[in-house]
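Here is a short briefing for a first look. Please view the sequence and the model below before reading on.

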Amino acid sequence: MIVLIGFIAGIALGYSWHAGVFSFTRDSEKSYSTGGKESRYLREFKRTTQVLPTDTSAIVGVTTEQITALTDSLNRSGTAAQTFSWFNTIQNEHILLAVTDLGNLPFTLDISDGRFQIEQGFDVTSQPTLVIPLDSQNIQNLETIFSDGQLTYEEQYRIYYILAIPALRALYATDALFFPGDKTRLKFDDLVQLEIPATEPIYYKGVPVIIQATAVNVDGQWLVMPGLHGDPDWKIALSLDSATKLYTLGVYEVRAAGSNPLQLNTISQQFLKLMDESLVYTRSDHL
């Protein structure tokens with residue numbers, strides 16, 4: 001279900017440490033501030049303040065009946081999702097959902113060890129792992145998608161489409177990026193893109209959709225936005241399967257490895273292979 005996180009986890013925890021695979025042969029680039037050369041890779045990051053969607057559901061007149069209907073639908077989706085084998089692999093996810101067409105009506109979804117819990121409102125007593133904006137139609141569609149016990153490619157793609165941007169934002173906010181120390185060895189470029197090209201036409205409300213995202217670092221802060229913007233340092237294209245593999249490696253296996261350097265190195269090598277297969281563009285001045 002939650003898959004794109006693994007892409008950024010791979011950046012933070014493994015593949016970018018090995019320069020050769022991605023032709024990261026130039027450690028400097030042109031500075032558009034001075035006109036000279038500067039280090040290509042970022043030395044440190046500044047945590048971006050997380051701003052939760054403002055709840056205006058009372059102002060727009062959301063009724064108790066609407067809240068109950070959505071809560072019931074989410075619970076039915078959760079129960080249906082428990083029949084899928086992947087649901088049992090989800091660990092310690094604390095997700096905030098904002099229903100955009102109902103004034104960012106807030107819900108909290110907790111998933112771990114094959115169990116889930118839905119409650120109305122944002123539970124901010126612990127840091128959310130994802131903040132996901134979606135509309136009430138998305139919630140109803142999710143129930144339909146899970147109800148028959150199988151997922152088509154189109155259904156999977158539509159789920160990933162909703163999760164992609166929130167997941168990337170979450171991983172660029174991971175605590176590991178903000179520990180003291182020089183981060184240049186991680187080889188973080190400040191403008192990168194990813195895409196999951198669909199293998200068949202995918203539509204939502206009659207409009208074609210494609211998963212595309214750009215991550216840019218401004219004054220140390222990571223900003224993630226939908227779509228492809230600018231001329232990136234590099235770009236990767238993922239399949240749904242490769243995104244799933246990266247999530248499994250980058251979130252759960254890394255968490256299980258803890259600080260064990262041998263296990264982390266093994267995970268890193270697996271990231272190397274997947275990332276090497278996914279690279280589709282490197283800006284010419286970086287080759």
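Predicted model: local features only at pLDDT ≥ 70, side-chain atom pairs only at ≥ 80, totals over all residues.

Residues are numbered from 1 along each chain as its sequence is written, and side-chain values use heavy atoms, with hydrogens and water left out.

**Salt bridges**
- The whole structure holds nine salt bridges (a side-chain nitrogen of Lys or Arg within 4 Å of a carboxyl oxygen of Asp or Glu).
- Glu29 pairs with Arg283 at 3.7 Å, N to O.
- Glu29 lies in strand 1 and Arg283 in the segment after strand 13, so the pair ties together parts 254 residues apart in sequence (strands are DSSP runs of E, at least two residues; helices are runs of H or I, at least four; both are numbered from the N terminus).
- Arg283 also bridges to Asp285, with the closest N and O atoms 3.0 Å apart.
- Glu29, Asp233, Arg283 and Asp285 are linked in a network of salt bridges.

**Burial**
- Glu29 is buried, at 7% relative accessible area (buried means under 20%, exposed over 50%, partly exposed in between, with a 1.4 Å probe and protein chains only).
- Arg283 is buried at 16%.
- Asp285 is partly exposed at 31%.

**Helix contact**
- Helix 3 (residues 136–147) and helix 4 (residues 153–172) have axes that come within 11 Å and cross at roughly 145 degrees (axes are lines fitted to C-alpha atoms over the stretch in contact; angles run from 0 to 180 degrees between N-to-C directions).
- Residues in the contact include Leu142 of helix 3 and Ile159 of helix 4 (contact means heavy atoms within 4.5 Å).
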